[in-house]
Amino acid sequence: MLNRLQRLMGLQTIPGVFFTSAGIAVLFVALAIPFDEAVSGFFGGLTAWVARNLGWFYIATVSFLLVFLLGLAFSRFGSIRLGADDSRPDYSNLTWFTMLFAAGIGTILMFWGVAEPVSHFANPPFSDVLPGSERAARDAMTISLYHFGLHTWTIFAMPGLAIAYFAYRHHLPMRISSLFYPVLGDRINGPLGWAVDVIAVLGTLFGVATSLGLGTLQLNSGLNYLLGVPVSGSVQVMLIAVIASIAAVSVALGLDKGVRRLSQLNIILAGILVAFVVLVGPTVFIAEGMVQGIGDYLDALPWLAFWTQTFSETDWQRKWTLFYWAWTISWAPYVGIFIARISRGRTIREFIAGVLFAPTVFTLVWFGVFGLSAIHVEMNGQVALAAQVEQNPAVAIFAFLQALPLAQFSSSLSIIIIVIFFTTSSDSASLVIDMLTRRDDQPSLIRQRIFWAAAQGVVAASLLLAGGLDALQNVITALGLPFCILLIFMAVSLFKALRADSRGYSVDELVQGRAYDTVSSTKDVKQEHHDVS
């Protein structure tokens, strides 16, 4: 039946993945709008249960995956190339980085770059720290870097590396289900594999929709702060429609003409904004604070990475760390496939170093500039940032920029950057969802990519109408759990494949699924016999 429906609609898809994912999304929208309070209450209760019972699982998984990736980079596997042994990268390092960042957390940094440090400064998560103190300022920067540094990029790097390895080294389809070929074998082309890809599609759809929702709240708040545009659901729906329309045009142009050019433009504009704040802001304070902040982050990282708030009664970690990890995990299928798509030809060591450390350095700079400057403004009483952030975190960056010269220029530039960041996130996500829902031998139809861009906008609007920021956080924290489990299986599958690859197995031997261990042991015995001879 689904095959007949596909032919009638003129689509090129895997029907079980495409129609199941689209059907669940349509069902969610159909329920979220008329039954907004019930949907909000359901996900609120589910999120509370996940945080109370499985928060430790999120924390441990992300930290152990970071250790796993660093181990791969320094191991003998680090020299394995993502592609043929003589292949070389498709993009220069600079272009690669701009595309990594624009499709990754650029959107999140614009929203939380000021709001999070100021929030932690005014309301420290540790009970023995005095609000507004030097200790509170240092902890605020450390926690912000923890949330957006190595751990965030670990979540993106894990699926990205696994997908790139299996796709370019062993010519499997660039889908999440391919990562489980060593475990599932040919069953990845049936219901089990489709179920994995449906989870990936829904995670991507809701993750990017959450980002669109946050971006819309920020844009609406910024336009209200600057121009008096009313903050309302109708305005937010209009803004989502505008962003989705721009993303549809970009996604129709494709990766090189659309996403790449927008990514490069946005990095340039973001660099201009950073340079502006450094020049007109507290320059020396920023420089000193960044140096000290790096030391504080590296010093606190070992214990902070495994901190679970065991002896505290507050729900701080649910609202911050668990939300971030779940949100990032929901993005992981899309960002992972996108990173894999632009990383052919790099070695595993290059990939891990680039994906983990290059964006983290930019994050350190971003929070060093905006976070420290905002704390400086709050400490000097120039603007009551903490009060405004507590009331509405979406307005934080605009309130902060009002304390600097040329506020109209910098605020307008910020709005442009936000729009482009969210556009690049949406269009690259649409490209990835289209890849997840069709076979490699099927053409990528423009109308399918535009459908997914529109779907992101509709889901984002539904989430906003169903409860705003709280609804966005609750849905993502709950839906991130299934893919968190998949991340662990990815690491196991990748390690098994790398171990076989390093011993010289052919592609046919490598993808024998459950015969892995038997084949490996047999070949090891032959190799040992040869060495003895």
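What follows goes from rings to helices.

Bear in mind that this is a predicted model: local features need pLDDT of at least 70, side-chain atom pairs count only at pLDDT 80 or more, and totals for chains, interfaces and linings use all residues. Residues are numbered from 1 along each chain as its sequence is written, and side-chain values use heavy atoms, leaving out hydrogens and water.

Searching the whole structure turns up 27 aromatic pairs (Phe, Tyr or six-membered Trp rings with centres within 6.5 Å; planes under 30 degrees apart are stacked, over 60 edge-to-face, the rest tilted). Take Phe77 and Phe495: their ring centres are 5.9 Å apart and their planes sit at 85 degrees, so this pair is edge-to-face. Phe77 is in the loop between α3 (36–74) and α4 (93–103), while Phe495 belongs to helix α19 (residues 468–502), so the pair ties together parts 418 residues apart in sequence. (Helices here are DSSP runs of H or I, at least four residues, numbered from the N terminus.)

Is Phe77 buried or exposed? At 3% relative accessibility, Phe77 is buried, whereas Phe495 is partly exposed at 34% (buried is under 20% relative accessible area, exposed over 50%, partly exposed in between, with a 1.4 Å probe and protein chains only).

Now for the helices. The axes of α2 (residues 15–32) and α9 (residues 191–227) come within 9 Å and cross at roughly 40 degrees (axes are lines fitted to C-alpha atoms over the stretch in contact, with angles from 0 to 180 degrees between N-to-C directions). Residues making the contact (heavy atoms within 4.5 Å) include Gly16 and Phe28 of α2 and Trp194 and Phe206 of α9.

Key
Helices (H or I, at least four residues) and strands (E, at least two) are DSSP runs, numbered from the N terminus.
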